Amino acid sequence: MTMKKKVIEVENLVKRFGHFTANDRLSFDVYEGEIFGFLGANGAGKTTAIRILSGLSSPTSGKVKVAGFDAGTQAEMIKRNIGYMCQKFSLYEDLTVRENIALYGGIYGLSRSEITERTAQLLDRLRFREYENKLISDLPLGLKQKLSFAVAVLHEPRIVFLDEPTGGVDPITRRQFWEMIYETAERGITIFVTTHYMDEAEYCDRISIMNDGRIVALDTPSNLKKQYNVSSVEEVFIKIARPAGS
Amino acid sequence: MKRFLGFVKKEFRHIFRDYRTLFILFGIPIAEILIFGYAISMDIKNAGVAILDLSHDEVTEKLSGKILSSGFFKKSADLLSYEEIDQVLKKGKTKAVIVFEEGFGKRLIREGKASLSIIADGSEPNTATLVTNYTTAIVNDFNIEMAGSALNNALKIVPEVRMFYNPELKSYSMFVPGVITLILILVSALMTSVTITREKEFGTMEVLLVSPLKPVQIILGKVTPYFILSFINVLVILAMSWLVFGLPVKGSIILLLVESMLYILMSLSLGILISTVSSTMQQAIFISLVGLMLPTILLSGFIFPIENMPEVYDYLSLIMPPRYFITIIKSIMIKGTGLLYIWKETLVLILMTTVFIGISVRKFKVRLE
């Protein structure tokens, strides 16, 4: 595997809110084209870290580089080079499929011809032709989620952040969704994903597990299972990640 | 800029696809104007008028006949003395009493001048105004006819209008300015706070914030359509108040429009402020309704004159932006005054706008941290 080029570099990242330390000396790298799973119980500090990586918030101290730009000082440049899909569904319900694609294409600065071209590609790839002029509110959840992901990578970002992208979706759609993730990673787009489903964690190239603001494990799923002598990531998770406060 | 325009286009789509939004935007103002407009124009058909004729001569009979045959009025009673006026007005059927002084006809011919009193029931201000205006117009018409037929051109009947119960007719003059003030704060503050919190609630705000759009662009993109639509609303209300009420703008219409823009801007910044402190649409609606709509209706002088309020409310109304705008718009529309008389109120609105924008920007940043 030739995944040596770093797209995310984090060294001693600390984020404090008053006396509360949400992120405590995080250090990790993510390589180009990698599917990086970011796990942790609720309140472990995942959301804070993602907000910093996506340029929404700046670190208290430490070095954070995303797509080669510094998260403290070059947040605007980071935003141009990443895609983002959050757990709440992020398309506009009262706009059509085509209008949503055009809107996000425009926001990310694609030209009109690029938007037309990529819209056509996207509709064909997802077999969405019959839905192109339907309102999002008329689509089933699974299709919305697929479209949402496709829109998040429409501008060919270096990295795409997926914050619990498959919440509330049936297993078949989840499987299809992960196929899309694999295809995208093969195109060289790095996937940074958080999830609550431990079977999904098994699909990642590498995973990190956070607990109480720290990263307590970081390796490939198979190495972690070997290390803790268990048969699934779920068991690894239960062994090391206590919910915050308990 | 292209990004921004695409974003504004999307916002317009949201508005035009949601019937409820469209209804609040245009349905309510038009309905309010029509309801008030038609309620008034129906009342003036066959309004009860009592006649107190102390002279009973040829001229008074001719004039009262002309008034009663105009189609606007219907005689409700013939009075014999001044004492009966109060009684007959209190009964409610009679909207006005027309009083011819003693020796009306003789005085008119001898002195060239006679006076007629119109005493109207001011507790129904809209009707009272219309009744007195119509009667005055009929009397003036009569003067012209007389001038044509009589040898002496200087013959003149002078109508004297008196209002019982509500001498200054507060609410009528307040109505159109009041509706504009209310609608603008409703559309601008309520709708923008709701549309911004909607993005928060649905999670799209997060996606927008992660995008290369700057927060300023997001906020401007969200409020620009509402600014434009609110302004169109002002034009629609002014046009309708002119067509339905016959209420023209006495002062400078440009000044009125500029002041309206300032007030829209103030309301929009209030809406943004509300959206930064509320995380759900319901919260935004609640704050807008209880915090803005009710005080606008109750404390701005729209319905209840500030002069009649207990002192506490008077002071309380000092912090309500609508109070200043009502004063401004009333001065321009009804009194026809210029900026010289309303610069203080204008300054207060500018100050308020600046403060609201300042706080919103700070809040918005804090939330991002």
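**View 1. Phe161(A) and the residues around it in the predicted model.** Phe161(A) touches Ile50(A), Leu53(A), Ser54(A), Ile82(A), Tyr84(A) and Phe192(A), leaving out residues up to four places away in sequence. Two residues are in contact if their C-beta atoms, placed from the backbone, lie within 7 Å. This is a predicted model: local features need pLDDT of at least 70, side-chain atom pairs count only at pLDDT 80 or more, and totals for chains, interfaces and linings use all residues. Residues are numbered from 1 along each chain as its sequence is written, while chains are lettered from A and ligands numbered from 1 in the order in which they are written.

**View 2. The largest nonpolar core.** This core has 116 residues. Leu53(A), Val66(A), Phe161(A), Ile191(A) and Phe192(A) touch the most other members. Helix H7 of chain B (residues 170–202) gives the most to this core, 14 residues. Another core lies apart from it, with 28 residues, including Ala47(B) and Ile98(B). A nonpolar core is a set of buried Ala, Val, Leu, Ile, Met, Phe, Trp, Tyr and Cys residues joined through C-beta atoms within 7 Å. Buried means 20 or more other C-beta atoms within 10 Å of a residue's own; exposed means 12 or fewer; partly exposed is in between; C-beta atoms are placed from the backbone. Helices (H or I, at least four residues) and strands (E, at least two) are DSSP runs, numbered from the N terminus.

**View 3. Helix H1 of chain A, residues 46–53.** Seven of its eight residues are buried. Among them are Lys46(A), Arg51(A) and Leu53(A). Just after H1(A) comes Gly55(A), with a positive phi of about 80°.

View 4. Glu156(A) is partly exposed, because 16 other C-beta atoms lie within 10 Å. Asp212(A) has 18 C-beta neighbours inside 10 Å, so it counts as partly exposed.

**View 5. H5(A) against H6(A).** H5(A) packs on helix H6 of chain A (residues 171–186) at an angle of about 10°, with the axes 10 Å apart. H5(A) is therefore roughly parallel to H6(A). Gly142(A), Gln145(A), Lys146(A) and Phe149(A) of H5(A) meet Thr173(A), Phe177(A) and Met180(A) of H6(A). Axes are lines fitted to C-alpha atoms, for helices over the stretch in contact, and angles run from 0 to 180 degrees between N-to-C directions. Angles under 35 degrees count as roughly parallel, over 145 as roughly antiparallel, 65 to 115 as roughly perpendicular and the rest as oblique.

**View 6. Chain A meets chain B.** Here 20 residues of chain A contact 21 residues of chain B. On the chain A side, H3(A) gives the largest share, four residues. The axes of H3(A) and helix H1 of chain B (residues 2–17) come within 8 Å and cross at roughly 150°. The two helices, H3(A) and H1(B), are therefore roughly antiparallel. In H3(A), Glu99(A), Leu103(A), Gly106(A) and Ile107(A) make the contact; their partners in H1(B) include Lys2(B), Phe7(B) and Arg13(B).
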